[in-house]
Amino acid sequence: MKKNKIKIAFDLDGVIVNKPPLVPKRLLEWLFKGGGSRLHYRFPHSNLEQMIRKISHFYLFRPPMGKNINFIKKIAKDDDYELYIVSSRYSFLKRETEIWLEKRNLEKLFKKIYLNEKNEQPHLFKEKVLKEIKPDIFIDDDEAIVDYLCQKTKTHIYCFSLKKVTPKPETNLFLSSLELLFR
Ligand SMILES: [Mg+2]
């Protein structure tokens, strides 16, 4: 009998793709969240802002997260696992995302790569996709999204963070290294 594979889904930015160096964190937060409530993400309607975002996603400005990628490459060789990317990057970043994954030779490691092509709010988009894939594990770096998804799905959700953080056992689990998943 065929045994069920363990499905693991990964967020892209902050888990596989690093933030651009040299761009102040405050500016990035403003660009993505607009400083409003925790679970509201701005969609850039102006051509200028979309262009800035496209440039900031040019593959050379977005370094790979080497340790995490090595881990993903390792488990991708193992037949027991089925891997997915679930990224809420908006539609206008589709091409940039494909190029980034091709340049790093990663696109074939995943059974499917989900991007937010209808420009939905990121947390709602991820909730919808997780309910479709029903992965065993999902790893995201946005604490607000992790908290939200923990309440909405049955998937084990982990928050990837390189910072030293105090875990909140009632809501989510922090991971500072993907290797810790299987310990
Ligand atoms: Mg992220």
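**Entry 1. The sheet**

I began with strand 5 and strand 6, which pair in the parallel sense over three bridges; two strands pair if DSSP finds at least two bridges between them. Helices (H or I, at least four residues) and strands (E, at least two) are DSSP runs, numbered from the N terminus. I note that this is a predicted model, in which local features need pLDDT of at least 70 and side-chain atom pairs count only at pLDDT 80 or more, while totals for chains, interfaces and linings use all residues. Residues are numbered from 1 along each chain as its sequence is written.

On the strand 4 side, D140 stands opposite C159 of strand 5, and strand 4 and strand 5 pair in the parallel sense over four bridges.

I then traced the whole sheet, which is open, has six strands in the order 3-2-1-4-5-6 and shows parallel pairing. Strand 3 and strand 6 (173-175) are the edge strands, each pairing on one side only. Neighbouring strands of this sheet are turned by 25° against each other on average, direction ignored.

**Entry 2. The chain overall**

I recorded six helices and six strands, running β-α-α-α-β-α-β-α-β-α-β-β from the N terminus. Of the 183 residues in the chain, 28% are buried; a residue is buried if 20 or more other C-beta atoms lie within 10 Å of its own, exposed if 12 or fewer, and partly exposed in between, with C-beta atoms placed from the backbone. Among contacts between residues at least 6 apart in sequence, 64% join residues at least 24 apart; two residues are in contact if their C-beta atoms, placed from the backbone, lie within 7 Å.

Helix 6 lies across strand 4 and strand 5 and runs at about 170° to strand 5; axes are lines fitted to C-alpha atoms, for helices over the stretch in contact, and angles run from 0 to 180 degrees between N-to-C directions.

Of its 31 residues, F10, V15, V86, F138, I139 and L149 touch the most other members. Elements giving two or more residues to this core include helix 4 (94-103), helix 5 and strand 5 (156-160). Leaving aside neighbours within four places in sequence, I139 is in contact with F10, D11, V15, Y158, F160 and L175.

**Entry 3. Helix 5**

Which residues of helix 5 are buried? I listed P122, H123, F125, K126, V129 and L130. Seen down the axis of helix 5, these residues fall within an arc of 155°, so they line one face of the helix; the arc is that of the directions from the helix axis to the C-beta atoms. K131 and E132, on the other side of helix 5, are exposed. The cover over the buried residues includes strand 1 (6-10), strand 2 (81-90) and helix 6 (143-152). Helix 5 is followed by K134, whose phi is positive, near 50°.

**Entry 4. Y90**

I located Y90 in strand 2. Y90 counts as buried because it has 21 C-beta neighbours inside 10 Å. Not counting residues up to four places away in sequence, Y90 touches F43, N116 and N119. The C-alpha atoms of Y90 and E120 are separated by 8.0 Å, although these residues are 30 apart along the chain.

Methods
Core = buried A, V, L, I, M, F, W, Y, C linked by C-beta atoms within 7 Å.
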